[in-house]
Amino acid sequence: MASSNNVFLGIDAGTQSLKLLAYDGDSKQILHVCAAPLELISDEDGTREQLAEWWLDALRQCMSELPADIKSRVRGIGVSGQQHGFVPLNQQGEVIAPVKLWCDTSTIAECEEITARFGGAERCIDAVGNPILPGYTAPKVVWLKNNKPEVYDELAHIVLPHDYLNFHLTGEIFTEHGDASGTGYVNILRQEYDREMLSAMDPERDLLPLLPPFVEANATTPLSAEAAQAYGLPSDVLVSSGGGDNMMAAFGTGSVAPGVLTMSLGTSGTLFAYSGKPAIDPQGDLAAFCSSSGGWLPLLCTMNCTVATEITRNALGKSIPECEELLAQSQAGAGGVISLPFYNGERVPNLPHAQASLHGVTASNATPANLYRAAMEGATFTLRRGLDAFARAGQEFTAIRLTGGGAKSPHWRQMVADVFNLPVEVPAQQEGAAFGAALQALWACSDDNASSVQLSEHIALDENLGCEPQADSASAYQTHYQNYLELLSQQYPSVQ
């Protein structure tokens with residue numbers, strides 16, 4: 001079979017690594033995947049930062065590993081980036097401070113400052129679709145103003161991680177509605193910057209000129225000559241608009257049409273689904289985001305998913321296969337042990353100061369099997385609250401499409417099916433956001449301007465990994481989930 005000149009690169013800059021994937025749109029095959037690790041700057045005050053230069057170093061490393069014969073056939077590039085990060089640039093386009101990430105919780109005071117100035121959390125939800133939370137970009141900008149005024153004075157461009165990588169590749173500064181809707185200063189109903197929110201962030205300075213212009217979801221921008229030469233790519237390569245990692249994962253799992261609920265079991269846990277209209281949760285648990293395919297992508301994010309199972313696994317001194325055996329030795333409900341797995345605080349429910357805790361532990365049930373199952377159940381129950389939030393926003397589903405590292409666990413897949421009482425489907429391609437970014441580039445570069453829904457032909461399900469709810473376990477988990485909710489409200493009365 002002749003080589004295809006229809007190859008698309010997906011770049012995903014995550015918290016732990018940057019990944020590069022090459023996908024052949026004609027043969028529907030992933031040709032190459034590589035990754036480079038990323039460091040994390042952490043502090044006890046909740047600081048979680050990275051240097052933007054680390055992303056470029058990682059990208060250079062991955063591009064150097066991409067075989068020349070694949071490079072010569074590249075037609076388009078799509079970029080996925082961790083959401084909510086704040087990359088501050090000066091007038092020359094230089095990064096002038098470390099990048100605060102989605103998991104940074106050092107901006108609680110700034111959230112309160114913005115919310116109070118705007119008129120309260122309910123007005124925030126009414127105006128921009130979301131409350132102002134520590135993870136979002138808006139409080140990070142105000143944090144820079146409050147803590148590094150000399151740097152803030154030099155600030156000329158407010159960009160997101162994926163925007164910055166697009167800038168590196170094209171020399172142009174632009175954004176799209178999906179990733180931008182996670183900043184806190186975009187009105188998701190009108191899909192434009194909210195001037196009142198920007199004024200609440202800084203009453204003295206007009207921030208609008210610092211924000212990148214919007215491009216359409218299927219827009220493309222030429223790869224710069226400098227980037228083409230540096231990476232050994234053809235001169236006519238196009239870069240798609242890209243998006244946040246969750247928006248790109250929506251492409252990779254098929255959540256570009258109504259009815260598909262995607263769950264990602266990664267460091268953080270996420271639930272998201274495409275919607276043809278704004279889907280707003282009156283309680284604010286559901287983030288009312290836009291999609292990167294046109295439309296909207298309501299989403300719920302928890303900060304402690306595989307974090308909980310990995311910390312527990314390491315404490316038990318067990319390997320992953322050994323922990324799978326522990327799950328086989330335990331029953332739904334973990335013998336009465338309940339975990340509130342808030343190791344990093346928590347975003348939904350909004351408990352930035354929370355700490356992890358175990359409850360119901362006795363001399364007889366304190367076994368490794370119950371402790372590990374309780375960690376997994378706690379992370380799953382926290383995500384299960386998201387299904388209630390989707391219901392409040394008027395959405396229902398017939399199946400869950402599972403992705404992320406946790407999806408590799410047969411027991412976790414079955415637990416999700418039982419706790420949610422929905423069938424679980426697993427995409428054959430588990431490269432998530434990087435695969436989705438490549439698919440978005442394929443869509444944007446298509447000659448016939450095809451609908452994003454037609455991308456479904458590129459998404460196959462692994463029939464061997466799917467599972468149905470087991471009636472007995474699903475019934476038992478109804479009770480265990482209610483016990484979890486009661487404990488959560490007892491420990492944190494502010495949680496509804």
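Reply: One term first: contact means heavy atoms within 4.5 Å. Bear in mind that this is a predicted model.

Me: Which elements cover the buried residues of helix 5?
Reply: The buried residues of helix 5 are Thr 137, Ala 138, Pro 139, Lys 140, Val 141, Val 142, Trp 143 and Leu 144. What covers these residues includes strand 7 (87-89), strand 8 (99-100), helix 3, helix 6 (149-154), strand 9 (157-159) and helix 9 (195-201).

Me: How many of the 11 residues of helix 5 are buried?
Reply: Buried means under 20% relative accessible area. Helix 5 is largely enclosed by the rest of the structure, because the number of its 11 residues that are buried is 8.

Me: At what angle do helix 3 and helix 5 pack?
Reply: Helix 3 spans residues 108-118 and helix 5 spans residues 137-147, and their axes are 9 Å apart. The angle between them is about 105°. Angles of 65 to 115 degrees count as roughly perpendicular, so helix 3 is to helix 5 roughly perpendicular.

Me: How do the residues of the contact of helix 3 with helix 5 divide?
Reply: Helix 3 brings Glu 110, Cys 111, Glu 113 and Ile 114 to the contact. From helix 5 come Ala 138, Pro 139, Val 142, Trp 143, Asn 146 and Asn 147. These residues divide into 6 nonpolar, 2 polar and 2 charged.

Me: What radius of gyration does the protein have?
Reply: The protein has 17 helices and 22 strands, and its C-alpha atoms fill a box of roughly 65 × 65 × 40 Å along the principal axes. For 496 residues, a compact globule would have a radius of gyration near 23 Å. The protein agrees with that, at 22 Å.

Me: Which residues does the cis peptide bond join?
Reply: Most peptide bonds are trans. The cis bond here has an omega of about 0°. One of its residues, Pro 349, is in the loop between strand 19 (338-340) and strand 20 (357-359). The bond joins Val 348 and Pro 349.

Me: Is Asn 421 buried or partly exposed?
Reply: Asn 421 lies in the loop between helix 15 (410-420) and strand 22 (424-425). Its phi is positive, about 55°, although Asn 421 is not a glycine. With a relative accessibility of 42%, Asn 421 counts as partly exposed.

Me: What relative accessible area does Gln 191 have?
Reply: Gln 191 is in the loop between strand 10 (186-187) and strand 11 (192-193). Gln 191 has a positive phi of about 55° and is not a glycine. Gln 191 is partly exposed, and its relative accessible area is 24%.

Terms used: Residues numbered from 1 in each chain as written. Predicted model: local features only at pLDDT ≥ 70, side-chain atom pairs only at ≥ 80, totals over all residues. Heavy atoms only, no water. Axes fitted to C-alpha atoms, helices over the stretch in contact; angles between N-to-C directions. Helix = DSSP H or I, 4+ residues; strand = E, 2+ residues; numbered from the N terminus. Parallel < 35°, antiparallel > 145°, perpendicular 65-115°, else oblique. Nonpolar A, V, L, I, M, F, W, Y, C, P; charged D, E, K, R; others polar. Rg over C-alpha atoms; globule rule 2.2 N^0.38 Å. Buried < 20%, exposed > 50% of the residue type's maximum accessible area, 1.4 Å probe, protein only.
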